[in-house]
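Let's take a walk through this structure together, going from the overall make-up to a few local details. Keep the 3D view open and follow along.

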Amino acid sequence: MDKRIVAISIVAIMIIAVAGATLALGNDDKSTNNIEVDASLSICGNANGDYRIDQQDLDIINDIINGKLAATDYPLADANHDSKVDQADYDFVKSMIDKKNTYVYVYDDSQKFVKVNYPVTKTVVVGTNPITTAILIGAADCILGYTSTSYPEIHKPIIDNSRKLGGTIGDLNTDEAMANFMDLDTKCGGLDAVIALPSYLKKSTALIEKAEIPIVRLDPRYGWDSISGALTMGYLFGETCEKRSQQFAEMTFSMLSDINKKLV
């Protein structure tokens with residue numbers, strides 16, 4: 001493999017780690033104005049495929065309605081996921097911007113559209129990377145349960161305040177774990193979602209689906225994918241976490257921009 005590619009990959013990982021650590025420590029004062037963020041928020045309504053939902057998305061939807069743009073070129077413009085782009089989508093995105101919507105559709109990393117309550121306030125996370133991301137974006141209070149983790153110190157905010165359900169890191173694959181999960185769902189008045197890596201929950205998917213709890217499969221593990229995963233999770237957990245995830249993305253690309261300038 002080209003040594004330059006390896007070097008770039010290592011730098012990218014280091015930048016993401018530093019940005020995450022900086023944000024976790026509360027040092028988010030660095031100005032990131034006019035930074036181009038090359039990461040995508042996978043929420044229906046994000047018509048232009050950037051990292052936030054705003055007036056630009058409304059403009060694109062309006063142009064589609066008026067025949068100036070093709071809906072097929074903007075798959076996330078169908079905000080209410082009814083297979084057409086019309087005034088209802090414009091109104092829905094307006095409600096998303098105003099934080100008046102009660103649900104959203106996620107296009108997750110298993111290439112499925114998943115309807116989820118908004119904001120998500122009661123969830124179970126499955127996998128160490130989604131747990132780390134939830135802590136990074138300030139969503140620890142929204143995590144009611146987790147399967148297991150091999151990072152007790154890093155994941156302490158969730159370990160101390162949520163229920164360990166059991167099973168393995170990637171699945172509720174024991175009778176006890178599944179019973180604990182169903183008990184938690186009942187006691188909290190109904191979970192909003194389960195967030196897991198795409199390849200996880202092989203044994204317990206049927207149980208979760210039977211309970212009519214949405215499964216959002218995100219993969220915030222490697223490189224730039226971790227930024228897109230953080231943005232999507234941040235949006236789901238509400239306005240405060242959304243802003244924090246955007247700060248993470250902006251800080252990451254700001255650092256990358258600074259490094260690129262020094263290399264030129």
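Start with the contacts: among those in the chain with a separation of 6 or more, 55% join residues 24 or more positions apart. Keep in mind as we go that this is a predicted model. The chain holds nine helices and seven strands, and 48% of its 264 residues are buried.

Now zoom in on α6, which runs over residues 175–187. Its 13 residues reach 18 Å from the first C-alpha to the last, close to the 18 Å expected at 1.5 Å a residue. Which residues of α6 are buried? They are A177, M178, N180, F181, L184 and D185. Look down the axis of α6 and you'll see these buried residues fall within an arc of 160 degrees, so they line one face of the helix. Over on the other side, D175, E176, T186 and K187 are exposed. After the helix comes G189, with a positive phi near 85 degrees.

Stay in this area and pick out L165, in the loop between β5 and α6.

Two other helices deserve a look. In α2 (residues 55–65), the buried residues are D57, L58, I60, I61 and I64. They cover an arc of only 160 degrees around the axis, which puts them on the same side of α2. Their packing partner is α3 (87–97). In α4 (residues 128–136), the buried set is T128, P130, I131, T133, A134 and L136. G138 follows α4, and its phi is positive too, near 80 degrees.

Next, some empty space. Rolling a probe the size of a water molecule over the atoms shows where such space is left. The second largest pocket has about 160 Å³ of it, and its lining is made up of D108, S110, K112, F113, V114, T205, E209, I213, P214, I215 and R217. Elements giving two or more residues to that lining are β2 (113–117), α7 and β7 (215–217). Sorted by class, the lining has five nonpolar, two polar and four charged residues.

Most residues other than glycine have a negative phi, and most peptide bonds are trans. Where does the chain depart from that? The bond from Y118 to P119 is cis, with omega near -10 degrees, and P119 sits in the loop between β2 and β3. H81, in the loop between α2 and α3, has a positive phi near 55 degrees. At 33% relative accessibility, H81 counts as partly exposed. Q111 isn't a glycine either, but its phi is positive at about 60 degrees. Find Q111 in the loop between β1 (103–107) and β2; with 55% relative accessibility, Q111 counts as exposed.

Terms used
Residues numbered from 1 in each chain as written. Predicted model: local features only at pLDDT ≥ 70, side-chain atom pairs only at ≥ 80, totals over all residues. Heavy atoms only, no water. Helix = DSSP H or I, 4+ residues; strand = E, 2+ residues; numbered from the N terminus. Expected span 1.5 Å × (residues − 1). Buried < 20%, exposed > 50% of the residue type's maximum accessible area, 1.4 Å probe, protein only. Arc of directions from axis to C-beta. 1 Å grid on protein atoms, 1.4 Å probe; cavity = no way out; pocket = protein on both sides within 12 Å on 5 of 7 lines; lining within 4 Å. Points joined across faces, edges and corners; volume = space filled by probe spheres on them. Nonpolar A, V, L, I, M, F, W, Y, C, P; charged D, E, K, R; others polar. Contact = heavy atoms within 4.5 Å.
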